[in-house]
Structure formats: C-alpha cells, structure tokens
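Hello,

Here is the structure we talked about handing over. Please open it alongside this email; my notes on what was found follow below.

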Amino acid sequence: MSKKYDVLGIGNALVDVLTREQESFLAAHQIEKGGMTLIDTERATSLYEMMSAGTEVSGGSAANTIAGVASLGAKAAFIGKVAND
C-alpha cells in the first residue's frame, strides 16, 4: 500500500502577525518584543485598529514544522481547526 504523505501535522491553526512598531507601542499594550502571545478576537481587533499594516502568515508549531519538512522535499499535510469550523 502506498502512503499519500510522509508527514501529517495536527495542531492549532494559528496566524502570526508580523508588523513593525515603536517600542512605546509595545510597552503601552504590554507586548513582549519578539515574543508570542495568544490573544482573543476582541484584543486582536483592538490591536489591529491601532497598529501599522502587518503581514499575516500561517503559524503554530505543527504548521511551521510541516512547512519545514515540505521545503525539504517531503510530502506533507496539515490538519488544523479555527473556532467552530
């Protein structure tokens, strides 16, 4: 029997938001520079209204691992969940 994937990742379907902000913005909103903080929808909406334009990319350790092994040539897949989907 032939397998379809070499690696399957199952994890939280997170989104990383990359943006450039002043140190004062981070301090005012109690955000650790270079850190990772899970936030709820209400806080995300509030921060988006105040920050400069950002880039959204898939994130989370499972998704990042799958992206890494796929970049090395493996057949990879990811299963994740967002909210009630």
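**What was found**

His29 sits in the loop that joins H1 to H2. Please keep in mind throughout that this is a predicted model. Is His29 buried or exposed? Its relative accessibility is 19%, and the cut-off for buried is under 20%, so His29 counts as buried. Setting aside neighbours within four places in sequence, the contacts of His29 are Arg43, Leu47 and Met50.

**Confidence**

Mean pLDDT for the protein is 88, with 99% of its residues at 70 or more. Of the elements, E2 has the lowest mean pLDDT, 83, while the highest, 93, belongs to helix H3, residues 61-71.

**The largest pocket**

The largest pocket holds about 1100 Å³ of space. Its lining is made up of 30 residues, and those nearest the centre are Asp16, Val17, Gly35, Thr37 and Ile39. Three elements each give at least two residues to this lining: strand E2 (14-18), helix H1 (23-28) and helix H2 (41-50). By residue type, the lining has 14 nonpolar, 9 polar and 7 charged residues.

**Gly59**

Gly59 belongs to strand E3, which covers residues 55-59. Because its relative accessibility is 1%, Gly59 counts as buried. Which residues does Gly59 touch, not counting those up to four places away in sequence? They are Asn12, Leu14, Val15, Asp16 and Asn64. Between Gly59 and Thr41 there are 18 residues of separation along the chain, and their C-alpha atoms are separated by 16 Å.

**Helix H3**

The buried residues in H3 are Ala62, Ala63 and Ile66. Viewed down the axis of H3, they fall within an arc of 95°, so they line one face of the helix. In general, an α-helix has 3.6 residues a turn, so residues three or four places apart point the same way. Ser61 and Ser71 are exposed on the other side of H3. The cover over the buried residues of H3 includes strand E1 (7-12), E3 and strand E4 (76-81). After H3 comes Gly73, which has a positive phi, near 105°.

Regards

How values were computed: Residues are numbered from 1 along each chain as its sequence is written. This is a predicted model: local features need pLDDT of at least 70, side-chain atom pairs count only at pLDDT 80 or more; totals for chains, interfaces and linings use all residues. Side-chain values use heavy atoms; hydrogens and water are left out. On a 1 Å grid over the protein atoms alone, a cavity is a set of points where a 1.4 Å probe fits but cannot get out, and a pocket is an open set with protein on both sides within 12 Å along at least five of seven lines; lining residues have an atom within 4 Å of a point. Grid points are joined across faces, edges and corners, and a volume is the space filled by probe spheres set on the points. Helices (H or I, at least four residues) and strands (E, at least two) are DSSP runs, numbered from the N terminus. Ala, Val, Leu, Ile, Met, Phe, Trp, Tyr, Cys and Pro count as nonpolar, Asp, Glu, Lys and Arg as charged, and the others, Gly among them, as polar. pLDDT is the predictor's confidence in each residue, from 0 to 100. Buried means under 20% relative accessible area, exposed over 50%, partly exposed in between (1.4 Å probe, protein chains only). Contact means heavy atoms within 4.5 Å. The arc is that of the directions from the helix axis to the C-beta atoms.
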